[in-house]
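Here's a quick tour of one protein model, topic by topic.

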Amino acid sequence: MTAPRHVVFGSGAVGMATLDALRRRGETVRIVNRSGRADVPDDVEVVAGDARDPAFTIAAGAGAGVIYQTLNPPYAEWTAQFPALQAGVLAAAQASGARLVSMENVYMYGRPAGRPFTEDRAYDADTKKGRLRGRMARDLLEAHAAGRVEVAIGRASDYFGPRGGAQSNLGDRVFPAALAGKAASVLGDPDQPHTYSYIPDIGEGLAVLGEHPDAAGAVWHLPNDPNTRSTRQLVELIYTAAGQPRARVRAMPPLLLRTIGLVNPTVRELVEMQYEFEEPFIVDSSRITERLGARATPVEDALAHTLDAYRR
């Protein structure tokens, strides 16, 4: 393997957005995933292997200056797989002396309790996935504090955008419906303000964390539009952009999710996270804008770009 400056573990929506951001900078990038296949330009190397194996990750990350952790196992397999995946990528960064940029969500904070989330918020989660996220974040920050590796953590809220797919609340259940003039299905109360992060902004934010001299040793909320709208308002913007006279929004009742969860393990894991849509859920990203200069794409533009991706 030749040694690129940047190694991205994961080729999902966030990994690919990070690749896009790095290529805009003219950087050399290696993608690491399980299959060795990804929809990337010919000059991007894709390496196959199991990131839970430190021997593999150390070889895959050799010579890198920055390593990005964007892996995200299936919801139902978080407890079994996620800590080992993070440990494998951490081992690669330690061995190569690279900065480790880790992608996280905001589950560790728990319920909003009437306040926007900022980076200094305590880890008060009472959910299984939230407590796991908290432990994993502490592990990374402790490794940085001990001087074993340079770490920068980027956190995003529920995402939308190109490649968002069925995992996004503003994804496969919304954009195709808008284009077809049908009703969109969303999780939770659609009239609660809710922060959504645009996938290309996540990738750009992670690239900034990889290059900015002041990013290491801290947690950063990745850029999102400061004018937080409700899910319904965002869906209405999508339908307007699609040329539809009105938006139709259908909320999936919690009882229906629980019923489906009896036979679908992924949906079963969604049930405990429904608190996110029961009250205003606002993630403050002003810190990364003020200190590192990373800015969110205006939400109208982000929704229009996503709609164009679904058209294609």
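A residue counts as buried when its relative accessible area is under 20%, as exposed when that value is over 50%, and as partly exposed in between. Keep in mind that this is a predicted model.

**Two residues with a positive phi**

- Arg163 isn't a glycine, yet its phi is positive, near 75°.
- You'll find Arg163 in the loop between β7 and α5.
- Arg163 has a relative accessible area of 45%, so it is partly exposed.
- Ala113 isn't a glycine either, and its phi is also positive, at about 55°.
- Look for Ala113 in the loop between β5 (99-104) and α4 (128-145).
- The relative accessible area of Ala113 is 56%, which is over the 50% cut-off, so Ala113 is exposed.

**Helix α11**

- Helix α11 covers residues 299-311, which makes 13 residues.
- At 1.5 Å a residue, α11 should span 18 Å, and this agrees with its end C-alpha atoms, which are 18 Å apart.
- Which residues of α11 are buried? They are Val299, Ala302, Leu303, Thr306 and Leu307.
- What do the buried residues of α11 pack against? Their partners are β7 (158-160), α5 (175-180), β9 (196-198) and α7 (231-241).

**The cavity**

- How many cavities of 30 Å³ or more does the structure hold? There is one.
- The largest cavity has a volume of about 140 Å³.
- The largest cavity is lined by 16 residues, and the closest to its centre are Phe160, Tyr196, Asn224, Asp225 and Val299.
- Two elements, β9 and α11, each give two or more residues to the lining of the largest cavity.

**What the record says**

- An unreviewed UniProt entry lists residues 10-216 as "domain: NAD-dependent epimerase/dehydratase".
- In the model, the span of residues 10-216 is 36% helix and 17% strand.
- The end C-alpha atoms of residues 10-216 lie 21 Å apart.

Technical notes: Residues are numbered from 1 along each chain as its sequence is written. This is a predicted model: local features need pLDDT of at least 70, side-chain atom pairs count only at pLDDT 80 or more; totals for chains, interfaces and linings use all residues. Side-chain values use heavy atoms; hydrogens and water are left out. Helices (H or I, at least four residues) and strands (E, at least two) are DSSP runs, numbered from the N terminus. The expected span of a helix is 1.5 Å times one less than its number of residues. Buried means under 20% relative accessible area, exposed over 50%, partly exposed in between (1.4 Å probe, protein chains only). Contact means heavy atoms within 4.5 Å. UniProt positions are given in the numbering used here, feature names are shortened, and annotations may be inferred rather than shown by experiment. On a 1 Å grid over the protein atoms alone, a cavity is a set of points where a 1.4 Å probe fits but cannot get out, and a pocket is an open set with protein on both sides within 12 Å along at least five of seven lines; lining residues have an atom within 4 Å of a point. Grid points are joined across faces, edges and corners, and a volume is the space filled by probe spheres set on the points.
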